[in-house]
Amino acid sequence: MFSRALTVHKGVSNAVAVRVLGPTYFQRSETTTTAPAVADASKPFDLVAHREKVAALLKQELPKPYDGPERDLVNFPRRVRPDTPGKVRMAFLPEEWFTFFYKKTGVTGPYLFGTGLLTFLLSKELYVIEHEFSTGCAIFLLVYIAVKKFGPAARKYLDDDFAANIARMNKHKEDNMKEIENSIEQEKKNIWHAEGQKILMEAKRENVQMQLETEYRRRMMHVYEQVKKRLDYQLDITNTKRKLEQGHMVDWIVNNVVKSITPQQEKEALQKCIEDLKVISAKTH
């Protein structure tokens, strides 16, 4: 029972190892060279196809560490421990011992061979019946009765316990597979988040570039305003200086003209103005 459970446990462990590490982990380095796995984000992950691939790999014979490169598993497959014992006759003789004689002697051959062999051993005293023989027969009878009476119940109990162990191991395997699938989904979400971070970084980079452009334009405008203020100041100085020069020139000319006019000229100009006014007044009337 323990060996059967150990065999199933090893099979479940191999299944979990193949699911976690991948099938390339168990391939022999002498015959196959594998390349490092590279995740392709462009191809979606097909979980159903991956499960079928893992199931097909689990059905194949996995190479053992002690197998050589010339190990022929096709013509000489490795023996597998059966889950249930073979059929027997008379409670202890294997069924294969009887079928071995069928092709040569028929159905009665095994019984005649056994009877003849027992007769030969007894007649030649190769097998001597002692006083403990009856005790052995009694013990064998008690064991046979116990097996027939309590065997089915014990078998049912052991089979149920074995099925419970298998179910528990399968549940553990399924839980591990679900956990790994959740990890794969989480990794896919992390990849999607990373792609979103890339877009966000591009947006932040563009935002920084816009801020730099805005700051550059603000400083250029500041330089323009300062230069314009200085140029306006220089223009105001030039205009003010020109106005002062023009006013001074006009005053100087007027003063010189006034100084050059004599009283006689002033009197004549006044008389001329009066005459012109009279002429204009006559024309209007």
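Predicted model: local features only at pLDDT ≥ 70, side-chain atom pairs only at ≥ 80, totals over all residues.
Colleague: What makes the span of helix α5 agree with its 128 residues?

Modeller: Helix α5 covers residues 133-260 and should span 190 Å at 1.5 Å a residue. Its end C-alpha atoms are 179 Å apart, which agrees.

Colleague: Where in α5 does a kink lie?

Modeller: At F150, shortly before the proline P152. The kink is about 50°. K149 also lies over the face of F150, 5.9 Å from the ring centre. The cut-off for that distance is within 6 Å.

Colleague: Which residues of α5 are buried?

Modeller: F162, N165, I166, M169, K173, N176, M177 and E181. Buried means under 20% relative accessible area.

Colleague: Why is the pair of F92 and F140 called edge-to-face?

Modeller: Four aromatic pairs are counted. For F92 and F140, the ring centres are 6.0 Å apart and the planes stand at 90°. Centres within 6.5 Å make a pair, and planes over 60 degrees apart make it edge-to-face. Both conditions hold, so F92 and F140 form an edge-to-face pair. This pair links distant parts of the chain. F92 is in the loop between β1 and β2, F140 is in helix α5, and 48 residues separate them.

Colleague: Why does F140 count as partly exposed?

Modeller: Its relative accessibility is 43%.

Colleague: What makes the pair of F98 and Y111 tilted?

Modeller: The angle between the planes is 50°, with 5.4 Å centre to centre. Under 30 degrees would be stacked and over 60 edge-to-face, so the rest count as tilted. F98 lies in helix α3 (residues 95-105) and Y111 in helix α4 (residues 109-123), so the pair ties together parts 13 residues apart in sequence.

Colleague: What sits over the ring of F98?

Modeller: The charged end of R89, 4.6 Å from the ring centre. Elsewhere, F100, F101 and F113 form one aromatic cluster.

Colleague: Why is the contact of K171 with D175 called a salt bridge?

Modeller: The closest N and O atoms of K171 and D175 are 3.2 Å apart. The limit is within 4 Å, so the contact qualifies. The structure holds 10 salt bridges. K171 and D175 both lie in helix α5, four residues apart, about one turn of the helix. K171 is exposed at 53% relative accessibility, and D175 is partly exposed at 36%.

Colleague: What separates E215 and R219 by about one helical turn?

Modeller: They are four residues apart in helix α5, which gives about one helical turn. E215 forms a salt bridge with R219, with the closest N and O atoms 2.9 Å apart. E215 is partly exposed at 27%. R219 has a relative accessible area of 53%, over the 50% limit, so R219 is exposed. A network of salt bridges links E215, R218 and R219.

Colleague: How do you know that D276 forms a salt bridge with K272?

Modeller: The closest N and O atoms of D276 and K272 are 3.9 Å apart. The limit is within 4 Å, so D276 and K272 form a salt bridge. They are four residues apart in helix α6 (residues 263-284), about one helical turn. D276 is partly exposed at 33%, and K272 is partly exposed at 47%.

Definitions and conventions:
Residues numbered from 1 in each chain as written. Heavy atoms only, no water. Helix = DSSP H or I, 4+ residues; strand = E, 2+ residues; numbered from the N terminus. Expected span 1.5 Å × (residues − 1). Bend = angle between axes of the 7 residues up to and from the residue. Buried < 20%, exposed > 50% of the residue type's maximum accessible area, 1.4 Å probe, protein only. Lys NZ or Arg CZ within 6 Å of the ring centre and 35° of its normal. Salt bridge = Lys/Arg side-chain N within 4 Å of Asp/Glu carboxyl O.
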